[in-house]
Amino acid sequence: MKKSNILLTLSAVLSFTAAAQTADTFSYKVGDYTVTLLSEGQSEGNKSILIDPSEEILNETIPDGTFPNAVNAFLIETGCLTILADTGYGRKLFSNLESLGKSADDIDRIILTHMHGDHIGGMENKGETAFPNAKVFIAEKEVDYWKEVKNRTADKVLNLYDESMSTFTPGNADNPKTITKGVSAIEAYGHTPGHTVYLIESKGEKLLIWGDLTHAMAVQMPYPQISVTYDVDPDAARESRFAILKYVADNNIPVAGMHIAYPGIGYIKDNGNGGYEFVPAE
């Protein structure tokens, strides 16, 4: 091959790679299901959200004090149902859905990990229900918490979806609570009182959508003991993180997270030092 052609080919590959790394969507197969990242953008988090990290940990993991971050939702297509896992802020949600040939009317189910604004913001559209045909699933403990706290965004969502909302008590890793075919719920309390993760299963393959189990992957993978200021109960969040990380690593279950940088999906490996390593999906 001529040198000029090699350069053109290399340039094309690099351009494609750069485009992929800044894309808002990324699709991943789980058996017969397709799970697609719906990203609202990539960003940098700051060490200020970390609770009591040592200087040694910071120097090792994020020497400049920042780390990759994102705000994500996920679309699950089962062939029978079209399901949203969280809705982000809603800033890019609908354009991302449109890029996949979907509209808000196509969403049959919404499974919520919890009710912080960056997870439920997309559920409202100009004061109206954004997903008129969707049944919403959420842990009962989460609903009870936000009814007591009285947050404006949560109040709106609870009112808008009152008739289409179904509450439940999540199971555990040994006995997940079935929500709908191929989707089950596991408690991961701490970030919020009803924070829930969802196990997606098809044809013997699995994926765990873990919501806000982590916010700073660069730090919380090697050092899961580090919680963040966003956690309602940092100690419980820490316990949930250790339990879920062990579960997915021991069982080789890939994960998807709402604050994992693109592609938002990958694998967890035990690093042998009491922590873990995240390997992004290809």
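Asp 24 sits in the loop between α1 and β1. This is a predicted model. Asp 24 is partly exposed, with a relative accessible area of 24%. The side chain of Asp 24 forms a salt bridge with that of Lys 92, at 3.5 Å from N to O.

**Asp 24 and its surroundings**

- Lys 92 is partly exposed, at 30% relative accessible area.
- The link between the side chains of Asp 24 and Lys 92 also counts as a polar contact, of 3.5 Å.
- Beyond its neighbours within four places in sequence, Asp 24 is in contact with Leu 37, Leu 38, Ser 39, Lys 92 and Asn 96.
- Tyr 89 is 65 residues from Asp 24 in sequence, and the two C-alpha atoms are 14 Å apart in space.

**Other salt bridges**

- Side chains of opposite charge can pair when their charged atoms come close.
- The whole structure holds seven salt bridges.
- One of them joins the side chains of Lys 156 and Glu 124, at 3.7 Å from N to O.
- That pair links distant parts of the chain: Lys 156 belongs to helix α6 (residues 152–160) and Glu 124 to strand β6 (residues 124–125), 32 residues apart.
- Lys 156 is partly exposed at 37% relative accessibility, and Glu 124 is partly exposed at 24%.
- Another salt bridge joins the side chains of Lys 246 and Asp 250, with 2.6 Å from N to O.
- Lys 246 and Asp 250 are four residues apart in helix α8, so about one helical turn separates them.
- Lys 246 counts as partly exposed, at 46% relative accessibility.

**Helix α6**

- Asn 151 caps the N-terminal end of α6. A side-chain oxygen of Asn 151 lies 3.0 Å from the backbone nitrogen of Thr 153.
- The buried residues of α6 are Ala 154, Val 157 and Leu 158.
- Seen down the helix axis, these buried residues fall within an arc of 100°, so they line one face of α6.
- Arg 152 and Asn 159 are exposed on the other side of α6.
- The packing partners of the buried α6 residues are α4 (117–120), α5 (140–149) and β9 (165–168).

**Helix α8**

- Helix α8 covers residues 234–251, which makes 18 residues.
- At 1.5 Å a residue, α8 should span 26 Å, and its end C-alpha atoms are 26 Å apart, so the two values agree.
- Buried residues of α8 are Ala 237, Ser 240, Arg 241, Ile 244, Leu 245, Tyr 247, Val 248 and Ala 249.
- Asn 252 follows α8 and has a positive phi, near 55°.

**His 191**

- His 191 lies in the loop between β11 (183–187) and β12 (196–202).
- Is His 191 buried or exposed? At 2% relative accessibility, His 191 counts as buried.
- The side chains of His 191 and Asp 231 are joined by a polar contact of 2.8 Å.
- Leaving aside neighbours within four places in sequence, the contacts of His 191 are His 114, His 116, Asp 212, His 215, Tyr 230, Asp 231, Val 232 and Ala 237.
- Ala 237, one of these contacts, is among the buried residues of α8.

**Aromatic pairs**

- The count comes to four aromatic pairs.
- In one of them, the ring centres of Phe 26 and Tyr 262 are 5.9 Å apart with planes at 80°, so the pair is edge-to-face.
- Phe 26 lies in strand β1 and Tyr 262 in the loop between β14 (255–256) and β15 (265–270), so this pair ties together parts that are 236 residues apart in sequence.
- Phe 26 is buried, with a relative accessible area of 12%.
- Phe 168 and Tyr 198 also form an edge-to-face pair, with 6.5 Å centre to centre and 70° between the planes.
- Phe 168 lies in strand β9 and Tyr 198 in strand β12, so the pair ties together parts that are 30 residues apart in sequence.
- Phe 168 is buried at 8% relative accessible area, and Tyr 198 is buried at 0%.

Definitions and conventions. Residues are numbered from 1 along each chain as its sequence is written. Side-chain values use heavy atoms; hydrogens and water are left out. Helices (H or I, at least four residues) and strands (E, at least two) are DSSP runs, numbered from the N terminus. The expected span of a helix is 1.5 Å times one less than its number of residues. Buried means under 20% relative accessible area, exposed over 50%, partly exposed in between (1.4 Å probe, protein chains only). A salt bridge is a side-chain nitrogen of Lys or Arg within 4 Å of a carboxyl oxygen of Asp or Glu. A polar contact is a pair of N or O atoms within 3.5 Å; within protein, one must be able to donate a hydrogen and the other to accept it, and residues adjacent in sequence count only if both atoms are side-chain atoms. Contact means heavy atoms within 4.5 Å. The arc is that of the directions from the helix axis to the C-beta atoms. Rings of Phe, Tyr and Trp (its six-membered ring) pair if their centres lie within 6.5 Å; planes under 30 degrees apart count as stacked, over 60 as edge-to-face and the rest as tilted.
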